[in-house]
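Hello,

Here is the structure I promised to pass on. Please have a look at it first, and then read my notes below.

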Amino acid sequence: MARDLGTAELGLGSETGFPAIDGVDPTLLSFPGFAPAEALRVAPGAASGQPIGTWALGLDVYIPQPAGTFVSLLQTGDGDGDLFLRDNGDGTAGIGVNGVYDGAFAFDAWNRIIATVSQESGDTVLRKYLNGALVGTQNLGATDRWEIDPQVGVRLFNDNDGETAGGAVSSVFFTTDVPSAAETAGVVASIPAPDAAGFFPAAPSDNALEIGFGGEDVAPRYGEAQEFLDGFGFRPP
């Protein structure tokens, strides 16, 4: 029996109306198009307390065909979203921001998205991977927009002006240990597809963490973080 949180649910895909992942019924969070004060939030709480400027985020996510053009995937502050899906008009969406949207994310299907943010020669560089392949690289220039406050964390599927959509997420991966672009591409290619078991069976590096939804809860599979469901009166232990 899924845990009903009002417009969100924690449970199995079969209980919440979402299909299997490669034949396995996944545990997941089913969410609505979040209001501005609602989000799935992951705060890595780095001991240094310094803003995190280099990081990687992975999502195994299912988004039905949305009514709007844009769907926010993540927000590093409390303003506009920072990474979006933009409807390509053919049942797929590109991934990106600032007018640059790459790839073909299939609506009404499970997809594995990985985004990395790195600092290179004073610029912030965003790389976008979809189902094992690098689909786009964006040089965002000298900016602190993509820095994450470790105590606040990153807000997922949230936007300040309603560019959101409902869907489901079965796994969330986050790390501040981002190797070179070539090494990252190799790792991503080795785990190309969404998997009900998640991204890695154990932490691949010291600062990695992974969130799952087993036991109708939101809890780390490994690593240390605080997880929140903002706006639902629910905070995991």
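This is a predicted model: local features need pLDDT of at least 70, side-chain atom pairs count only at pLDDT 80 or more; totals for chains, interfaces and linings use all residues.

Seven strands make up an open sheet in the order E9-E8-E7-E6-E13-E4-E17, and their pairing is antiparallel. Strand E9 (100-106) and strand E17 (226-230) are the edge strands, each pairing on one side only. From one strand to the next, the twist averages 25 degrees. Five bridges hold the antiparallel pair E8 and E9, and Gly96 has Tyr101 in E9 as its bridge partner.

Strand E8 (residues 92-97) also contains Thr92. Thr92 counts as buried because its relative accessibility is 14%, under the 20% cut-off. Its side chain makes a polar contact with the side chain of Asp90 (2.6 Å). Among the residues that Thr92 touches are Arg86, Phe105 and Phe107.

Now to the salt bridges: the whole structure has six. In one of them, Asp60 meets Arg112, with the closest N and O atoms 2.7 Å apart. This pair links distant parts of the chain, strand E5 (residues 55-62) and strand E10 (residues 110-120), with the two residues 52 residues apart. Both Asp60 and Arg112 are buried.

Another salt bridge joins the side chains of Arg127 and Glu120 (2.7 Å, N to O). Here Arg127 is buried at 14% relative accessibility, whereas Glu120 is partly exposed at 30%.

Arg221 and Glu210 also form a salt bridge, at 2.8 Å between the closest N and O atoms. Arg221 is partly exposed, at 32%, while Glu210 is buried, at 0%.

Enjoy exploring!

Best wishes

How values were computed
Residues are numbered from 1 along each chain as its sequence is written. Side-chain values use heavy atoms; hydrogens and water are left out. Helices (H or I, at least four residues) and strands (E, at least two) are DSSP runs, numbered from the N terminus. Buried means under 20% relative accessible area, exposed over 50%, partly exposed in between (1.4 Å probe, protein chains only). A polar contact is a pair of N or O atoms within 3.5 Å; within protein, one must be able to donate a hydrogen and the other to accept it, and residues adjacent in sequence count only if both atoms are side-chain atoms. Contact means heavy atoms within 4.5 Å. Two strands pair if DSSP finds at least two bridges between them. Axes are lines fitted to C-alpha atoms, for helices over the stretch in contact, and angles run from 0 to 180 degrees between N-to-C directions. A salt bridge is a side-chain nitrogen of Lys or Arg within 4 Å of a carboxyl oxygen of Asp or Glu. Lists of a residue's contacts leave out its neighbours within four places in sequence.
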